[in-house]
Amino acid sequence: MTRSSLLGQRALALGIGLASIAVSLLLTALIILAVGASPLEVFNKVTEGIGLTPTGLDIVRFSGVVNFWIPLMFVCTGLLVTFTAGLWNIGVEGQMMFGAVCATWVAQEVFLPTVIQVPLEMLAAALGGAFWAALTGLLKTRGGVHEIFGGVAMNNLANIFSIYLISGPWGNQGGQATPPFRPETLLLPISSEFRVSAAALIVMVVAFGGIFLALSGTRWGLELKAQGHSQRSALLLGVPVERNVLLAMALCGFMAGLAGSVRVLFTYGNLRPLVSGGIGFLGLLVVLLTGTRALWAPPIAFFFAAILGGSTRLKIALQLDQSLAGVVQGILVLMVILANGVRGRLHGRHPVQAPEASASLEAEEAAIHG
């Protein structure tokens with residue numbers, strides 16, 4: 001391919017990407033007009049909601065966005081691994097919830113100094129999430145259950161289990177939540193105004209950096225990429241596909257468990273139903289948009305966190321439902337995916353680089369060995 005044709009393709013891809021964003025903004029504006037509001041006023045209220053005011057940055061509101069971004073980035077970091085390996089880890093919500101349950105158990109039953117107690121709670125949550133995800137991996141590799149169906153089932157089980165604990169053995173608030181955790185078991189904020197957990201932020205940055213290096217600069221990362229493109233070809237190249245499926249799922253669950261620990265140890269200070277708050281599903285959208293390009297995950301995740309954070313002002317100021325933020329997200333994701341499809345067709349290749357959703361691992365192995 002010549003340099004001029006390569007530059008032409010990049011310019012075309014950039015143009016299609018910008019056009020998709022412009023179309024999504026136009027559709028969003030039309031929807032806002034249809035409900036009787038002004039798009040400009042909605043934009044102003046959303047920016048106020050994330051802390052950007054005419055007089056400067058409102059640090060309290062901005063910290064709310066960062067607090068949502070941290071667990072979202074934990075989830076995205078894990079999903080980068082499973083997406084690279086060609087796996088749809090729909091069960092990431094359940095892995096967050098089970099991680100939160102494990103952190104809650106340690107917070108309620110273990111009494112140690114804070115410097116040991118909090119890391120132990122986060123480790124328990126991470127291992128719990130890894131265990132929950134590994135069960136889905138085992139269902140796939142040994143039971144022939146596709147990870148989508150296995151993940152949905154595990155999500156329901158985690159949700160039911162947490163509700164049982166909250167309404168039964170651990171609950172005393174009418175089944176709404178567990179009692180508040182002791183102060184020494186909680187993650188502490190940086191300050192009374194900037195209420196962000198420095199420990200959670202540092203762990204998230206280190207985890208993301210480690211996963212980025214593992215995927216981009218190690219043999220294991222190359223194996224996952226080969227497996228993500230084609231399990232059949234990966235097996236022919238000698239890649240241990242089954243081991244990588246289990247490892248990728250467990251690593252993603254590890255990250256999801258950490259996200260769950262942040263929700264119960266910092267955001268809420270106790271365990272409550274659906275403690276994940278939809279962050280797992282939102283992480284799937286973010287990573288789908290990145291196309292497994294890891295460096296795009298932090299800004300896109302922050303953008304989504306900002307939209308959700310800012311939308312809290314809509315109901316108060318404009319009497320608009322907060323779910324309008326979800327509509328905006330959905331339109332944006334749809335337009336970007338359509339743009340990927342257009343680019344793929346123009347370049348003569350499959351439009352979406354996504355995990356395989358058809359043949360099971362056993363079918364691939366049978367095709368090779370049989």
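At 26% relative accessibility, F302 counts as partly exposed, a class between buried, under 20% relative accessible area, and exposed, over 50%, with a 1.4 Å probe and protein chains only. W69 is buried, at a relative accessible area of 15%.

Before going on, the basis. This is a predicted model, in which local features need pLDDT of at least 70 and side-chain atom pairs count only at pLDDT 80 or more, while totals for chains, interfaces and linings use all residues. Residues are numbered from 1 along each chain as its sequence is written, and side-chain values use heavy atoms, with hydrogens and water left out.

Now the rings. Rings of Phe, Tyr and Trp, the last by its six-membered ring, pair if their centres lie within 6.5 Å; planes under 30 degrees apart are stacked, over 60 edge-to-face, and the rest tilted. The count by this rule is eight aromatic pairs. W69 and F302 form an edge-to-face pair, because their ring centres are 5.8 Å apart and their planes stand at 80 degrees. This pair links distant parts of the chain, 233 residues apart: W69 belongs to helix 3 (residues 59–84) and F302 to helix 12 (residues 297–310). Helices here are DSSP runs of H or I with at least four residues, numbered from the N terminus. Elsewhere, ring pairs join F98, F131, W132 and F161 into a cluster.

Next, the helices themselves. Two packed helices are described by the angle between their axes and the distance between the axes. Axes are lines fitted to C-alpha atoms over the stretch in contact, and angles run from 0 to 180 degrees between N-to-C directions.

How do helix 3 and helix 12 cross, and at what angle? Their axes come within 8 Å and cross at roughly 135 degrees. The two helices are therefore oblique to each other; angles under 35 degrees would be roughly parallel, over 145 roughly antiparallel, 65 to 115 roughly perpendicular, and the rest oblique. Contact means heavy atoms within 4.5 Å. On the helix 3 side, the contact residues include F62, W69 and L80, and these meet a helix 12 set that includes A297, F302 and L308. By class, this contact has 16 nonpolar, no polar and no charged residues. Nonpolar covers Ala, Val, Leu, Ile, Met, Phe, Trp, Tyr, Cys and Pro; charged covers Asp, Glu, Lys and Arg; the others, Gly among them, are polar.

Last, helix 7 (residues 198–217): its axis and that of helix 3 come within 9 Å and cross at roughly 15 degrees. That makes helix 3 roughly parallel to helix 7.
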